[in-house]
Amino acid sequence: MLEGLMQDAQLTVGEIRRRMARCYGDREVITLQEPPAPPVRGTYAEVAERVERLGRVLERLGVEPGERVATFGWNSQRHFELYLAIPSFGAVLHTVNIRLFPEQIEYIVGHAANRVVFVDDSLVPQVAKLAPRLPGVEHFVIMGDGDDGGLGRRAQVSRYENLLDEAEAGAYDWPEVDERQAAALCYTSGTTGNPKGVLYSHRSVSLHSTAVCMADAVGLSGEDRVMAIVPMFHVNAWGLPFAAAMTGAGLVMPGRFVAAAPLARAIAQEKVTLVAGVPTVLGDLLRHADEQKPDFSSLRGGICGGAAVPRGLMEGFERHGVRLLQAWGMTETSPLCTVARPPEALEGEDHWAKRVTQGRIMPWVELRITGEDDDEPRDWDGVQTGEIQVRGPWIASRYYEDPSGDAQFTEDGWLRTGDIGSVTPDGFVQITDRAKDLIKSGGEWISSVEVEGELMEHDAVLEAAVIAMPDERWTERPLACVVLAEGAEADPVVLRRHLASRMAGWQVPDTFAFIDEVPKTSVGKFDKKVLRKRLADGELETVGGKSRA
Ligand code: AMP
């Protein structure tokens, strides 16, 4: 082999940070506050200066190379600073999904062996309740002035701003980082069993962020002000903070103010050009915009994903002059794999035929569809469906210290996505079904098996099968199909109360169908396809059915 004679430069978050500090010092990150307080504004020069001091703070906290440092945080300037500082330090940014059930968070923090945890003060009450279950945590760093909620009884407590004030200013002596080193960790509950850790490398973060910026992907540039509504605890906010640091795009961070009204106000006031979020949140924003007609004149586009994006949502944004593009991916894929940007030449229904797909495969992402029972690739003819499998430089090769998830990866190195679909000859993916027995509601996972198990613990329940029910606001809600034990009586109120103490409120089904028997396959498994068809054909009599407020 004649080797190329090019330099072997390392693709690292540290390099993204260094260049951001030099080139984009005047750009701003803007964090919304509880009205009437004005948003907090910080320039990238200020961010960069604070990040240098954060390097010293991490050193003082005794953080070791490769150590997983947890964050419980909304989207904010401080969280952005941690995104840059922790990986630059050679440690791993572990963003904890605050919406998970306490048992899951306990498991995740224990599994990641988190010793140092950064917490937004607004989340302190939640973390304080959890703290007795987090014995490995030695140090909580509170971001903000709020009460410490008694965290000090469990571990050492410091204040983010105090630590920064005490740290020496000036350039920090960052370590050399190998691009294959772990940079960030995010657990997904979109699998069976315990949540599983996806461990991103500096190289995968750098390549993914570069691809995000491509004109045919999100197309982020220094002209943009992007409002990342997608939480920073969901797959690194789809890579947008890193992409913004790479391009000098401004960032508008909603904090915990993710309702439609404050978001719309921020879009108008801060001249946001691009929004990114799941269909539920953007659907609320659209309804608000239709009613209140806020000033969206700065907004040119949006990226929507995490669940199928209805055509009506995209058409609705179009009425406001905003092109909302669908994207598809998973925690395991960093996440972007496809973006549905149609060729400019297409018009009318031809245009929409592409827009409603999950999108065209991005460069470096290889994709194949295989039979559900074999790994034989199917043709890309837009007709044949099969399981979608992907591989590439920002796709997980396995889960962090969890061999129980190995079956999700094929022997020849592909990730089984658990999504079923087809691909057109020109590379547009259309998802038609889901092999994984899970429900995705408002961008968060609900495990059918778990809800079924808890329901069957109730004396009145003989069998329970939980399936997804389409929902205009939440995309999907769980529908519990219940067979009552002989002579037993139970109504949705009783069953909901039973479930409420065992799972997060939003995971409890609102709607029930009382049936005589759960249909079974030839090997005796619940045949949910039959139940789904009955639901679609209007043959299931449902009780309840109020969409969650
Ligand atoms: P998560 O790991 O929580 O980001 O979930 C990833 C999963 O969400 C995918 O495997 C899909 O099942 C679903 N998903 C994400 N984006 C889309 C989309 N645009 N259309 C349909 N399903 C999607």
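**Domains, ligand shell and backbone features**

The C-alpha centres of domain 1 and domain 3 lie 36 Å apart. The contact between them (heavy atoms within 4.5 Å) takes 9 residues from domain 1 and 9 residues from domain 3. Together the two domains bury about 720 Å², of which 52% is on carbon and sulfur atoms; buried area is the accessible area (1.4 Å probe) that two parts lose on being put together, summed over both. On the side of domain 1, Arg99, Phe101 and Gly190 supply 58% of the area buried against domain 3, more than any other three residues. The assignment, which is automatic or taken from a database, places domain 1 at 13-258, domain 2 at 334-434 and domain 3 at 438-536.

This is a predicted model, in which local features need pLDDT of at least 70 and side-chain atom pairs count only at pLDDT 80 or more, while totals for chains, interfaces and linings use all residues. Residues are numbered from 1 along each chain as its sequence is written, and side-chain values use heavy atoms, with hydrogens and water left out.

The ligand is surrounded by 16 residues, each with a heavy atom within 4 Å of it. The closest are Ala327, Thr331, Asp419, Lys436 and Trp445. By class, this shell has 6 nonpolar, 6 polar and 4 charged residues; Ala, Val, Leu, Ile, Met, Phe, Trp, Tyr, Cys and Pro count as nonpolar, Asp, Glu, Lys and Arg as charged, and the others, Gly among them, as polar. Strand S14 (residues 323-329) gives the most to the shell, with 4 residues; strands (E, at least two residues) and helices (H or I, at least four) are DSSP runs numbered from the N terminus.

Polar contacts are pairs of N or O atoms within 3.5 Å. A polar side-chain atom of Lys436 lies 2.7 Å from an oxygen atom of the ligand. The protein covers 92% of the 500 Å² of accessible area that the ligand has on its own, as given by the Shrake-Rupley method with a 1.4 Å probe.

The loop between S14 and strand S15 (336-339) holds Pro335 and also Ser334. The peptide bond joining Ser334 to Pro335 is cis, with omega near 10°, and Ser334 has a positive phi of about 80° although it is not a glycine. Another cis peptide bond joins Pro35 and Pro36, with omega about 5°; Pro36 lies in the loop between strand S1 (28-31) and strand S2 (40-43).

Technical notes
Polar contact = N/O pair within 3.5 Å; in protein donor to acceptor, adjacent residues only side chain to side chain.
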